[in-house]
Amino acid sequence: MDFYYYEQPQITKIIPLSGPLEGGNEVALLGSGFEPLKGIISIDEYAWCDFQGVGITQAKVMNQFKAVCIAPSTQTSGKVKVWLSINNQEYTDDDVYYIYD
């Protein structure tokens with residue numbers, strides 16, 4: 001079994017900042033460090049977006065600086081923190097929020 005160390009990815013911005021309660025819209029996460037193990041493992045198998053308190057959806061890592069996920073649905077409006085995992089274990093902890101309206 002091989003182990004790899006890499007810097008934790010960082011999310012600096014999301015687009016769009018808000019969306020409908022029904023979810024289903026694409027949310028782009030922008031930042032850095034999204035492909036630290038490119039060529040070693042298939043990141044897409046392990047990449048997830050966590051909309052805190054709402055749900056977790058599969059992420060598609062586009063490149064080192066961008067990942068895309070689909071916002072899950074919720075019944076409550078408000079802002080939720082968005083985290084990204086590229087190893088299906090550890091999540092980012094950046095102050096980036098998505099607003100359900």
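This is a predicted model: local features need pLDDT of at least 70, side-chain atom pairs count only at pLDDT 80 or more; totals for chains, interfaces and linings use all residues.

Q: Fine. How many disulfides does a search of the whole structure find?
A: The search finds one. It joins C49 to C69, with an S to S distance of 2.4 Å.

Q: Remind me why that counts as a covalent link?
A: A disulfide is a covalent bond between the sulfur atoms of two cysteines.

Q: Where do C49 and C69 sit in the chain?
A: C49 is in strand β4, residues 48-51. C69 is in strand β6, residues 66-70. They are 20 residues apart, and the pair links distant parts of the chain.

Q: Is the link of C49 and C69 left-handed or right-handed?
A: Left-handed, with -95° about the S-S bond.

Q: And are C49 and C69 buried or exposed?
A: Both cysteines are buried.

Q: OK, on to the core. Which residues touch the most other members in the largest nonpolar core?
A: I14, V27, L29, F51, L84 and Y98. That core has 21 residues.

Q: Which elements give two or more residues to this core?
A: β1, β3 (26-32), β4, β5 (55-63), β6, β7 and β8 do.

Q: Which one gives the largest share?
A: β7, with three residues.

Q: Staying with β7: where is K79?
A: K79 is in strand β7.

Q: Buried or exposed, that K79?
A: K79 is exposed, because its relative accessible area is 57% and the cut-off for exposed is over 50%.

Q: What is K79 in contact with, leaving aside neighbours within four places in sequence?
A: Y97, Y98 and I99. Take Y98: K79 and Y98 are 19 residues apart along the chain, yet their C-alpha atoms are separated by 5.5 Å. Y98 is also one of those core residues that touch the most other members.

Q: Now the backbone. Is the peptide bond from I15 to P16 cis or trans?
A: Cis, with omega near -5°.

Q: Where does P16 lie?
A: P16 is in the loop between β1 (10-15) and β2 (18-19).

Q: What about phi at N88?
A: N88 has a positive phi of about 60°, although it is not a glycine.

Q: Which loop is N88 found in?
A: The loop between β7 (78-85) and β8 (97-100).

Q: Last one: how exposed is N88?
A: N88 is partly exposed, with a relative accessible area of 43%.

How values were computed:
Residues are numbered from 1 along each chain as its sequence is written. Side-chain values use heavy atoms; hydrogens and water are left out. Helices (H or I, at least four residues) and strands (E, at least two) are DSSP runs, numbered from the N terminus. Buried means under 20% relative accessible area, exposed over 50%, partly exposed in between (1.4 Å probe, protein chains only). A disulfide is a pair of cysteine sulfur atoms within 2.5 Å. A nonpolar core is a set of buried Ala, Val, Leu, Ile, Met, Phe, Trp, Tyr and Cys residues joined through side-chain atoms within 4.5 Å. Contact means heavy atoms within 4.5 Å.
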